[in-house]
Amino acid sequence: MIPTGPRPTSRTPDTSLYERRESAVRSYARSMPRQFARAHNVWMHDNQGGRYLDFLSGCSTLNYGHNHPVLKQALLDYVAADGIAHGLDLHTDAKAAFLDALEQLILLPRGLDYRAMFTGPTGTNAVEAAIKLARKVTGREMVIAFTNGFHGMTLGALACTGNAAKRGGAGVPLSHVAHEPYDGYHGADVDTAALLERRLADPSSGLDAPAAILVETVQGEGGLNAASPGWLRKINAIARRHGALMIVDDIQAGCGRTGGFFSFEGLGFTPDIVTMAKSLSGMGLPFALTLLRPELDQWAPGEHNGTFRGNNHAFVTATAALRHFWSDGRFERDVARRAALLERRLDAMAAEHGLSTRGRGMMRGIDMGSGEAAAAVTAACFERGLIIETSGARDEVVKVLAPLIIDDALFSSGLDILASCIREALALPYGVAAE
């Protein structure tokens, strides 16, 4: 029987073990205090029999839903056959199958020529490899990143991240990165690409020649700010003009989240380096990838590595995901239709309350005007069985990251819950409309 709607539980489980033994750094568990036991498709189930509709998708790690049957069966078959689990960077059947699927289904149809660098298991590892390679190839140190950008929590990637709270945990200076204004940062009338060009062209601006320009086409953690195609093309041209490499961080925006497999598809430029992770494995298994133009592949053997760069279980599920979802255009068309539904619904919610929306594709949200109001919305949603979270400099944006495979009717019912919770939150004394 297919579940018809959320069925949340009201009792908070005993969390004493976590409070006693797990670090205080945990965050999601604080706003969603349940103990989850299993998950399938778009549902998460707690150990008290509660059922929750997932509009978080592991922060875009589960674009194809939880435990997709095709991906799960591919992994079960591989494990049952005693397939290689951990292979460092040895040649394996699982890696060969992934590279072949990547080449045939993703790169060649899009006219892209990238080499695949398998880094450590997470997105920050892919970013570290990208900026390290850019510095090696260009002989420069400076990286240009952007306001509200988020690129990871290890020191190199963290230096490129804008969020002060995240940066504050470093304990050391975060240097050799300039944070320039993202598209729209100073308002619609200010061309921040032109400002960057002026700074780079002026020998007295104090901005050193960059090794790379690192950008998200849609800023996932920074508030779902979506750069315009024209702005991105200008930034790419600036990189070319000034001898820098263009790096697109597609860790959250890729794998279909913004429509195409890559978030930069159809925008009129091709980056030199692309970083990927999150939904790349398709099933939540750790897997990160740095794609680079062949002429940039100047690494000496072993110059950059990671113990878990050979997660063959992730290769297996990633290959199954590419073959199942990306062998023709049906999945992309389905995502586009669903993204249009999301856009219409969020625009209507925003219009009702004088708010504004953010994002692109199935990576959209609504700016509540304050972090307090957004937190009230997400808390009310969780009480009704909808898992959803916030983003933005002050956590002011309620972010919808539903699985890309969600049924339209179920998607609409989840958005109905969101609309109701927004009305409830804005009825509270601190509810504010966007100016």
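1. Strands β5 (residues 142–146) and β7 (residues 210–215) pair in the parallel sense, over three bridges. Across that pairing, Ile144 stands opposite Ile213 in β7. Strands here are DSSP runs of E with at least two residues, and helices are runs of H or I with at least four, numbered from the N terminus. Two strands pair if DSSP finds at least two bridges between them.

2. A word on the source. This is a predicted model, in which local features need pLDDT of at least 70, side-chain atom pairs count only at pLDDT 80 or more, and totals for chains, interfaces and linings use all residues. Residues are numbered from 1 along each chain as its sequence is written, and side-chain values use heavy atoms, with hydrogens and water left out.

3. An open sheet of seven strands runs in the order β4-β12-β11-β10-β7-β5-β6, with mixed pairing. Its edge strands are β4 (115–118) and β6 (177–180), each pairing on one side only.

4. An open sheet of four strands has the order β1-β2-β3-β15, again with mixed pairing. β1 (36–40) and β15 (386–387) each have a single partner strand, so one side of each is left without a neighbour in the sheet. β2 (residues 43–46) and β3 (residues 51–54) pair in the antiparallel sense over three bridges. There, His45 stands opposite Arg51 in β3.

5. The largest pocket has a volume of about 1,400 Å³. Its lining counts 50 residues; Tyr28, Cys59, Phe150, Lys166 and Glu221 lie nearest its centre. Elements giving two or more residues to this lining include α6 (123–138) and α13 (371–383). On a 1 Å grid over the protein atoms alone, a pocket is an open set of points with protein on both sides within 12 Å along at least five of seven lines; a cavity is a set where a 1.4 Å probe fits but cannot get out; lining residues have an atom within 4 Å of a point. Grid points are joined across faces, edges and corners, and a volume is the space filled by probe spheres set on the points.

6. The whole structure has one cavity of 30 Å³ or more. The largest cavity holds about 40 Å³ of space. Among its lining residues are Phe118, Pro286, Phe308, Arg309 and Phe315.

7. Confidence comes last. The chain averages a pLDDT (the predictor's confidence in each residue, from 0 to 100) of 96, and 98% of the residues score at least 70. Over residues 431–435, pLDDT stays under 50. Where pLDDT is low, the predicted coordinates should not be read in detail.

Key
Contact = heavy atoms within 4.5 Å.
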